[in-house]
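Keep the 3D view open as you read.

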Amino acid sequence: LGSPAHERFFIQNQRETNSKFILLTIKSPSQYFVKNLSVSINEKFETALIEISEIVKSLNKKLIIKIHPSDQEMEITNLIKQILPSAKILKNTDIIDLIKECELLISLDGSTTIYEALIFRKPVILVLISEDDSDFASLKKDNACVFSDLLNLENDLNLILHDPVSR
């Protein structure tokens, strides 16, 4: 009974960690959808990466960026390293190990990693660059994660990082 593919989430030790890094999960705008071929969507994506990196830098936190394993992903290393040279950018790494060790997870435009982080009781912030949040209606309805934008992200991060009640 249950889902063998997800069993390891529940068997593994869900201990608290003293990690001091923020995990950012990203999936660049898919070329399979016409709306994502626009220059504005790609500019929003790059702007979001830059601003998130700058915010994490201002908070003196380590940043690990986990890129979706798809072969269609945009190259972001140079962009990020200009702002935050210490950032780690990973692609073919087990996301579960990263989630277990992170302090919190930021998901740029959503991913199933949100649900994985919630299983491990990690705080999650979802930053949408697209206008459509219908895929995440249940998260919003249940207040399962913080829906933020680039204007409020630094405040939301500070609240989660420094207020135990908000975690």
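If you want a spot to look at, find Ile-125, which stands opposite Val-146 in β6. Bear in mind that this is a predicted model.

Now look at β4 (residues 104-108), which also runs parallel to β5 and is joined to it by four bridges. Here Ser-107 has Leu-126 as its bridge partner in β5. To get from β4 to β5, the chain passes through helix α5 (residues 113-119), making a right-handed β-α-β crossover.

Which way do the side chains of β5 (residues 124-127) point? Val-124 and Leu-126 go one way, Ile-125 and Val-127 go the other, and all of them are buried.

That brings us to the packing. The largest nonpolar core has 28 residues, and the ones touching the most other members are Leu-24, Ile-26, Ile-106, Leu-108 and Leu-157. The elements giving it two or more residues are β1 (21-26), α2 (39-58), β2 (62-67), α3 (77-83), β4, β5 and α7 (153-162). Helix α2 supplies the largest share, with six residues.

Setting aside neighbours within four places in sequence, Ile-106 is in contact with Ile-22, Leu-23, Leu-24, Thr-25, Ile-52, Ile-125, Val-127 and Leu-157. There's also a second, separate core of 17 residues, with Ile-64, Ile-99, Cys-102 and Leu-105 among them.

Definitions and conventions. Residues are numbered from 1 along each chain as its sequence is written. This is a predicted model: local features need pLDDT of at least 70, side-chain atom pairs count only at pLDDT 80 or more; totals for chains, interfaces and linings use all residues. Side-chain values use heavy atoms; hydrogens and water are left out. Buried means under 20% relative accessible area, exposed over 50%, partly exposed in between (1.4 Å probe, protein chains only). Two strands pair if DSSP finds at least two bridges between them. A crossover is right-handed if, with the strands pointing away from the viewer, the path from the first strand over the helix to the second runs clockwise. A nonpolar core is a set of buried Ala, Val, Leu, Ile, Met, Phe, Trp, Tyr and Cys residues joined through side-chain atoms within 4.5 Å. Contact means heavy atoms within 4.5 Å.
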